[in-house]
Amino acid sequence: MEQALDSDAEPVDDTGLRRTLVAVARQAEALQLVQHSQGNFSARVPGTNLVLITPTGIPYVEMGPEDLVAVDLERNTVRGPHRPSSELEVHCLTYRSRPWVGGCAHVEPPYLNALYALNLRVPNVLGNFVYLFAGRGLAVAPAIRSGTREFAEITLEAMGDHLGVVWKNHGIFCVGHTVRSALDRCVAAEQAAKVYYLALALKRGEPDLVPEGAQEDMVRTAAALGLTRGI
Ligand SMILES: [Zn+2]
């Protein structure tokens with residue numbers, strides 16, 4: 001029999017997932033992808049219609065697993081002592097519209113933000129970026145105020161079948177089968193942005209990209225490993 005999926009069902013043990021989510025948020029700060037309480041991270045609780053999301057305004061160094069907010073896919077708080085992230089709309093809409101997604105990460109990485117503020121794009125300059133984004137790079141969403149329903153809809157429309165989308169003058173939003181894989185994508189995007197930025201700073205012209213044949217191999221390998229399953 002199928003397990004009841006509504007929020008009135010028996011509480012599931014989400015202890016491990018809460019620990020993972022806090023670890024991912026702290027790792028993002030340690031890697032300078034966010035500062036203080038910037039960004040937001042969420043994970044679908046397997047077998048339920050619930051999502052755990054970071055609260056708004058709590059610095060990651062002070063955040064514990066009990067501070068996370070459990071919400072349903074319609075954005076109603078089910079459990080938690082704080083208000084959920086102000087980007088709750090886009091997280092919940094992602095889970096509703098992409099059943100394969102298990103985790104989302106939003107960070108505000110400086111090299112990537114600098115490039116996109118200049119209307120440059122991160123090209124396929126690093127293998128890991130090709131690999132984790134299935135060779136498709138990043139989508140770019142139109143710049144409107146974040147945190148609204150309209151912003152969530154525009155973000156996901158812009159993202160299409162990409163695995164990450166740039167919020168210009170703000171940051172990046174990535175998805176994955178887990179919140180860890182969503183963070184891995186944020187890390188890869190900022191690493192490629194940094195390398196591209198540094199290469200441009202040498203003023204020797206456009207850097208070479210990953211050769212096309214190698215890109216195709218990476219995309220095939222990522223697909224065979226299930227990393228890009230769902231897109
Ligand atoms: Zn933000």
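Reader: Thanks! What is the order of the eight strands in the open sheet?
Author: The order is β4-β3-β2-β1-β5-β8-β7-β6, and the pairing is mixed. This is a predicted model, in which local features need pLDDT of at least 70, side-chain atom pairs count only at pLDDT 80 or more, and totals for chains, interfaces and linings use all residues. Residues are numbered from 1 along each chain as its sequence is written. Helices (H or I, at least four residues) and strands (E, at least two) are DSSP runs, numbered from the N terminus.

Reader: What makes β4 and β6 edge strands?
Author: β4 (77-79) and β6 (139-141) each pair on one side only.

Reader: How do you know that β1 and β2 pair?
Author: Pairing asks for at least two bridges found by DSSP between two strands. β1 (residues 40-44) and β2 (residues 50-53) have three bridges, in the antiparallel sense, so they qualify as paired. In β2, I53 is the bridge partner of S42.

Reader: Which strands does helix α5 lie across?
Author: Helix α5 (residues 149-159) lies across β6, β7 (164-167) and β8 (171-176). Its direction runs at about 155 degrees to β6, with axes fitted to C-alpha atoms (for helices over the stretch in contact) and angles from 0 to 180 degrees between N-to-C directions.

Reader: Which residues of α5 are buried?
Author: F151, A152, T155, L156 and M159 are. Buried means that 20 or more other C-beta atoms lie within 10 Å of a residue's own, exposed means 12 or fewer, and partly exposed is in between, with C-beta atoms placed from the backbone.

Reader: What do the buried residues of α5 pack against?
Author: They pack against α2 (88-97), β6, β7 and β8. Contact here means C-beta atoms, placed from the backbone, within 7 Å.

Reader: Why is α2 called oblique to α5?
Author: Their axes come within 8 Å and cross at roughly 45 degrees. Angles under 35 degrees count as roughly parallel, over 145 as roughly antiparallel, 65 to 115 as roughly perpendicular and the rest as oblique, so α2 is oblique to α5.

Notes. Two residues are in contact if their C-beta atoms, placed from the backbone, lie within 7 Å.
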